[in-house]
Amino acid sequence: MKCTPAWVTIFPPWLSEGWTIHFIDRESRYWFEARAGLKDESLFEKSVKAAWDWAKPSSSIRWFTGGERRYSKVLWKLASAYLPRSTTTQAYPFRKVWRAGLEVAMKIKGSQGKPRVMWVNREHPYTAISPKSDVHANHLEALHSSLRRRASGYRRRQNHYAKTVEGLQRALNVQRLIHNWCRAHYSHGYQRTPAMVMGFIQRPVKIGEVLAVRAFKCLTS
């Protein structure tokens, strides 16, 4: 996706259409959203909305991201709530807060190797706050490292990188399908896939079964 050295020297990185946004469940490692495109408001809005629609049925949600504030700005429009005026006090005068049970924090790269953690916007008074040491995106960064090794669309020094947004999105969908349904994860003892941990299926899906099934799209939705 426009990532050759010659192209980078002419155009800034944010004009590349190969930016990708990922969301992953930390406990099960289920990779439930992957979207590629230009790094603009539309990409953040569509991705965050899809992730929120997937997560909002849960009563307790911990939403941890990297240093990009646009995640929380879009989520604030979807998941904020107004407290009744009778519940506000001088100690807690805020009415517009996150939905009860939703905790949103962001890890920021700090100076001298000391990262900073910031809770974005105001929490609901009934929402518990996690320790700062627990606010990280290490599981997603491990997925990024694995994705660079497995997906040819991310191998920049070869001629295999995706030429179009549709091609990169197709590669992401295939990798997400294999990650969730076919390949057992080491954190689950190399015996269970993320889809098995979520309770969607009782055994890993074989690649041959994926190629033979007609409902391929439902496994990546």
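Tutor: Buried means under 20% relative accessible area, exposed means over 50%, and partly exposed lies in between (1.4 Å probe, protein chains only). The model is predicted, so to speak of local features takes pLDDT of at least 70, side-chain atom pairs count only at pLDDT 80 or more, and totals for chains, interfaces and linings use all residues. Residues are numbered from 1 along each chain as its sequence is written, and side-chain values use heavy atoms, with hydrogens and water left out.

Student: How many salt bridges in the whole structure?

Tutor: Nine. The criterion is a side-chain nitrogen of Lys or Arg within 4 Å of a carboxyl oxygen of Asp or Glu.

Student: Which residue does Arg 35 pair with?

Tutor: Glu 33. Their closest N and O atoms are 3.0 Å apart.

Student: Is Glu 33 buried or exposed?

Tutor: Buried, at 8% relative accessibility. Arg 35 is partly exposed, at 26%.

Student: Switching to helix α2. Where do Lys 49 and Asp 53 sit in it?

Tutor: Both lie within residues 41–55, four residues apart, about one turn of the helix. Helices here are DSSP runs (H or I, at least four residues), numbered from the N terminus. The two side chains form a salt bridge, 3.0 Å from N to O. Lys 49 is partly exposed at 43%, and Asp 53 is partly exposed at 33%.

Student: What about Glu 209?

Tutor: Its side chain meets that of Arg 203 in a salt bridge, 2.8 Å from N to O. Glu 209 has a relative accessible area of 32%, and Arg 203 has 42%.

Student: Which residues are linked in a network?

Tutor: Lys 39, Glu 41, Glu 68 and Arg 70, through salt bridges.

Technical notes. Helices (H or I, at least four residues) and strands (E, at least two) are DSSP runs, numbered from the N terminus.
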